[in-house]
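Subject: Structure handover

Hello,

Here is the structure I promised you. Please open it first, then read my notes below.

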Amino acid sequence: MFIHRILAAGLIATIAATTTSAQSVQYRSPGGFEYRSQADTGPIARAQVALAADPRNVQLIIALGVAQSGARQMREAIETFTRGLAIEPNNALLYRWRGHRYLSVREFDKALADLNRGARLDSTIYGIWYHLGIVKFARSDFVGAADAFSRAQPRAPDANELAGATDWLWMSLSRAKRSAQAKAMLDRRPDSLPTTNAYAKRLQLYRGLVSPDSVITPADSADVQAATLSFGIGNWYLVRGDTARARTWFERSVRSGGWPGFGFILSEIELRRPRKPSVR
């Protein structure tokens, strides 16, 4: 047992040295800016050691992919989930996770294919519907996005996810020009479970409880948090027909640097959409 512990410790050190030595390019923006992965601080190395002891264990494969995602190693995670699908080609959770990571690196067609396949295999998985909604929103299929988020909402596993599904459902309905339906949905207060995440703050804006300038506070310094909040404010202005202010907030979202965040991804897309100037 002592020798085994020494070997395991050595393996962890070797893997850690490998995973921290290189930060790979994950995404290159239309403007040519490169966004890279982060160094592993231990979770990836531990997941690799666990998987090495049981290499066909799909749950351990998912755990490794999730750990890689946490260090923004999205392309490595895609390879990991693909490895799992070679073992269990009909595992809906693997399609859920790989589709999510394809979304992170802006490969929307592949994300859509994976998430649709996952939904056909198991229609009860919240994460499939949620991320399918994001992909459809990115493709300007706002009606389809609203349908996906309406399926995700009752399946949300906790208050944070419930706020997220409610937020995106409101945005999707609003962009689909179903503003009365969006308001009626908010009035039912489906997000009644208490939470203070970014989506809960955006929902306060949609309900008129806070002003757009008070949504972001000095505490919202994390890059993905800033990207998420900024996109929500920009989309709120866009729904109201103020394309100039919307653009300002989409630009702020991209400046945050939180490239894996859905707010960042959608802000990039919105900045590339042709717009008529605001009528002021």
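Start with Arg 96. Its charged end sits over the ring of Trp 97, 3.7 Å from the ring centre. (A charge sits over a ring if NZ of Lys or CZ of Arg is within 6 Å of the ring centre and within 35 degrees of the ring normal.)

Before going on, two notes on the source. This is a predicted model: local features need pLDDT of at least 70, side-chain atom pairs count only at pLDDT 80 or more, and totals for chains, interfaces and linings use all residues. Residues are numbered from 1 along each chain as its sequence is written, and side-chain values use heavy atoms, with hydrogens and water left out.

**Arg 96**

Arg 96 lies in helix H5, residues 92–104. (Helices are DSSP runs of H or I with at least four residues, strands are runs of E with at least two, and both are numbered from the N terminus.) Is Arg 96 buried or exposed? Arg 96 is buried. (Buried means under 20% relative accessible area, exposed over 50%, and partly exposed in between, with a 1.4 Å probe and protein chains only.) Yet Arg 96 has no salt bridge. (That would be a side-chain nitrogen of Lys or Arg within 4 Å of a carboxyl oxygen of Asp or Glu.) The nearest side chain of opposite charge is Glu 161, 6.5 Å away. (Lys and Arg count as positive, Asp and Glu as negative; His and the chain ends are not counted.)

Arg 96 does have a polar contact of 3.1 Å with the side chain of His 100, made by its own side chain. (A polar contact is a pair of N or O atoms within 3.5 Å; within protein, one must be able to donate a hydrogen and the other to accept it, and residues adjacent in sequence count only if both atoms are side-chain atoms.) Not counting residues up to four places away in sequence, Arg 96 touches Leu 115, Ile 125, Gly 127, Ile 128 and His 131. (Contact means heavy atoms within 4.5 Å.)

**Arg 106**

Arg 106 lies in the loop between H5 and helix H6 (108–121). It counts as buried, at 13% relative accessibility. Which ring does its charged end sit over? That of Tyr 27, 3.9 Å from the centre.

**Aromatic pairs**

The count comes to 16 aromatic pairs. (Rings of Phe, Tyr and Trp, the last by its six-membered ring, pair if their centres lie within 6.5 Å; planes under 30 degrees apart are stacked, over 60 edge-to-face, the rest tilted.) Tyr 35 and Trp 259 form a tilted pair, 6.3 Å centre to centre with 35° between the planes. Tyr 35 is buried at 11%, and Trp 259 at 2%.

Tyr 130 and Phe 262 are also tilted: 6.3 Å and 45°. Tyr 130 is in helix H7 (residues 126–138) and Phe 262 in helix H14, 132 residues apart. Both rings belong to a cluster whose members include Trp 168 and Phe 231.

**Helix H11**

Eight of the nine residues of H11 (residues 198–206) are buried, so this helix is largely enclosed by the rest of the structure. Its buried residues pack against several helices, among them H7 and H14. Just after H11, Gly 208 takes a positive phi of about 80°.

Best wishes
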